[in-house]
Amino acid sequence: VAYSADGTRILSGSDTTIHIWGVAPGTSIDKPVLGHSRRIQSVAFSPDSTRIVSCSADMTIRIWDAMSGAPIGDPLRGHTASVYSVAFSPDGTRIISGSEDRTVRIWDAMSGIPVGEPLRGHSYTVSSTAFSPNGNRVVSGSHDNTIRIWDAISGALIGERSEEHTSELQ
């Protein structure tokens with residue numbers, strides 16, 4: 001689930017359906033948004049609340065118009081297993097994703113083209129991802145009990161935290 005930046009809408013994803021809800025209890029703004037063929041794992045609004053990003057067990061990421069529910073461009077493909085997490089950058093120009101394939105990917109939010117190579121280092125499913133408030137760093141959390149902090153431009157690993165190992169963050 002996610003709130004729109006203006007607080008007027010709530011986004012939810014389930015089975016293969018995305019719903020955009022008005023904040024008034026139980027009110028749906030539009031018909032369900034359909035396009036994924038398997039369970040939806042994560043949804044997010046863009047910072048300006050005009051777009052939606054979703055990811056699925058169907059190994060795709062999709063971008064939607066938040067008012068009409070119409071797809072924007074083709075599905076983003078590159079992960080080789082279920083995608084568990086998506087988020088927009090603070091300026092809305094990039095999307096980050098994490099997958100069961102143990103990678104983190106950064107995408108151009110307008111073209112859908114990957115930005116750089118996949119970020120590798122986790123030894124198990126990447127279940128959560130986020131951008132820093134200034135968009136310069138990304139963080140990923142994994143079922144391998146680690147979080148990793150990456151430079152969002154170069155893809156360089158900046159630091160890691162885990163139960164077994166801790167390296168200093170720079």
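The following conversation concerns a predicted model.

Trainee: Which strands form the open sheet, and in what order?
Mentor: The open sheet consists of four strands, arranged in the order E13-E14-E15-E16, and their pairing is antiparallel.

Trainee: What holds strands of a sheet together in general?
Mentor: Strands of a sheet pair through backbone hydrogen bonds, and the pairing may be parallel or antiparallel.

Trainee: Which strands stand at the edges here?
Mentor: Strand E13, covering 126–131, and strand E16, covering 157–162, stand at the edges. Each has a single partner strand, so one side of each is left without a neighbour in the sheet.

Trainee: By how many degrees are neighbouring strands turned against each other?
Mentor: On average, neighbouring strands of this sheet are turned by 15 degrees against each other, with direction ignored.

Trainee: How many bridges join E13 and E14?
Mentor: There are five bridges between E13 and strand E14, which spans residues 137–142, and the two pair in the antiparallel sense.

Trainee: Now to salt bridges. How many does a search of the whole structure find?
Mentor: The search of the whole structure finds one salt bridge. The side chains of Arg148 and Glu160 meet there, at 3.1 Å from N to O. This pair links distant parts of the chain, with Arg148 in strand E15 (residues 146–151) and Glu160 in strand E16, 12 residues apart.

Trainee: Is Arg148 buried or exposed?
Mentor: Arg148 is buried, with a relative accessible area of 9%.

Trainee: And what about Glu160, buried or exposed?
Mentor: Glu160 is buried as well, because its relative accessible area is 13% and the cut-off for buried is under 20%.

Trainee: A change of topic: where does Ser49 lie?
Mentor: Ser49 lies in the loop between strand E5 (40–45) and strand E6 (51–56). At 5% relative accessibility, Ser49 counts as buried.

Trainee: Which residues is Ser49 in contact with, leaving aside its neighbours within four places in sequence?
Mentor: With those neighbours set aside, Ser49 is in contact with Ser4, Ala5, Asp6, Arg9 and Ala66.

Trainee: Where is Gly7 found?
Mentor: Gly7 is found in the loop between strand E1 (2–3) and strand E2 (9–13).

Trainee: Why does Gly7 count as partly exposed?
Mentor: Gly7 counts as partly exposed because its relative accessibility is 32%, a value that falls between the limits of 20% and 50%.

Trainee: What separates the C-alpha atoms of Gly7 and Ser82?
Mentor: The C-alpha atoms of Gly7 and Ser82 are separated by 29 Å, and the two residues are 75 residues apart along the chain.

Terms used:
Residues numbered from 1 in each chain as written. Predicted model: local features only at pLDDT ≥ 70, side-chain atom pairs only at ≥ 80, totals over all residues. Heavy atoms only, no water. Pairing = 2+ DSSP bridges. Axes fitted to C-alpha atoms, helices over the stretch in contact; angles between N-to-C directions. Buried < 20%, exposed > 50% of the residue type's maximum accessible area, 1.4 Å probe, protein only. Contact = heavy atoms within 4.5 Å. Salt bridge = Lys/Arg side-chain N within 4 Å of Asp/Glu carboxyl O.
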